[in-house]
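Here is a short note on charged and aromatic side chains. Please read it with the model open.

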Amino acid sequence: MQLTLPRQRQLDLSRPVVMGILNVTPDSFSDGGRYTQLDAALYQAEQMLTDGAAILDIGGESTRPGALDVTEMQELERVVPVISAIRQRFDCVISIDTSKAVVMSAAVQAGADIINDVRALQEPGALAVAVQAAVPVCLMHMQGAPRSMQQAPDYQDVVNEVLQYLLSRAQQCQQAGIDKAQIILDPGFGFGKNLSHNYALLQQLERFCSQGYAVLAGMSRKSMIGQLLNEPVDQRLAGSLACATIAALKGAHIIRVHDVKETVQAVRVVTATQYGA
């Protein structure tokens, strides 16, 4: 499986790859405020690439539970300079984590290769921009909105409902002109799901990976780990690596994480086990 990227490039997903999280926000749940300055963001980008990240995911709006909305202008001012600077300095794959059509368009123009949207291209103009940009898109499932999504998430059958939602959104994207090979599905761990919902999705992740789409799994440092292990955000590395390992074993193509070096090592062990050292 491969993604076709701008500038006549390909991203090989025949083996799982690691996506490094770079939040240029003051309020993200794990690293908010650490990389809001351009030099700090560039240093972290270089470190994650050195550690083996195949993709850098740049986000300018926190989607943690209870997060407040930011304006288009705020988000543009946060992400566009960082994307431009990374594109100038490093030959790497860049993803823009946004739901706003204006930000998607500006980010792709600045050098982003992938659109990663927690709202699955449902905001006004987002789908049209993604079609015009002709870059891979990641569609995530979220029940509710960030401010309230964790208050009372409710499902009859969480795995089936999340899967059917993502397949429906993927079909709508394909009907709009996005090739199936350019669509990534993300079950949205922690986005409108309680502890049992999250682990049911992880247990049956292979169902998502058997649909012919690339699959992204993002569980790094999330509350599904903290609640289970009773650990604060900065003490969730072991749980994050366990989740990443399970996801890779079940067929996930992209593992989205904060701790790149350790996750790359874990994924290498998985691929050596599956395909030979």
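1. Rings of Phe, Tyr and Trp (its six-membered ring) pair if their centres lie within 6.5 Å; planes under 30 degrees apart are stacked, over 60 edge-to-face, and the rest tilted. The whole structure has 0 aromatic pairs. This is a predicted model: local features need pLDDT of at least 70, side-chain atom pairs count only at pLDDT 80 or more, and totals for chains, interfaces and linings use all residues. Residues are numbered from 1 along each chain as its sequence is written, and side-chain values use heavy atoms, without hydrogens and water.

2. A charge sits over a ring if NZ of Lys or CZ of Arg is within 6 Å of the ring centre and within 35 degrees of the ring normal. Arginine 15 lies over the face of tyrosine 275, 3.6 Å from the ring centre. Lysine 180 has its charged end over the ring of tyrosine 213, at 4.7 Å from the centre.

3. There are 9 salt bridges (a side-chain nitrogen of Lys or Arg within 4 Å of a carboxyl oxygen of Asp or Glu). One of them joins aspartate 113 to arginine 9, at 2.2 Å from N to O.

4. Glutamate 206 forms a salt bridge with lysine 250, at 3.1 Å between the closest N and O atoms. Glutamate 206 is partly exposed, at 36%. Lysine 250 is partly exposed, at 25%.

Conventions:
Buried < 20%, exposed > 50% of the residue type's maximum accessible area, 1.4 Å probe, protein only.
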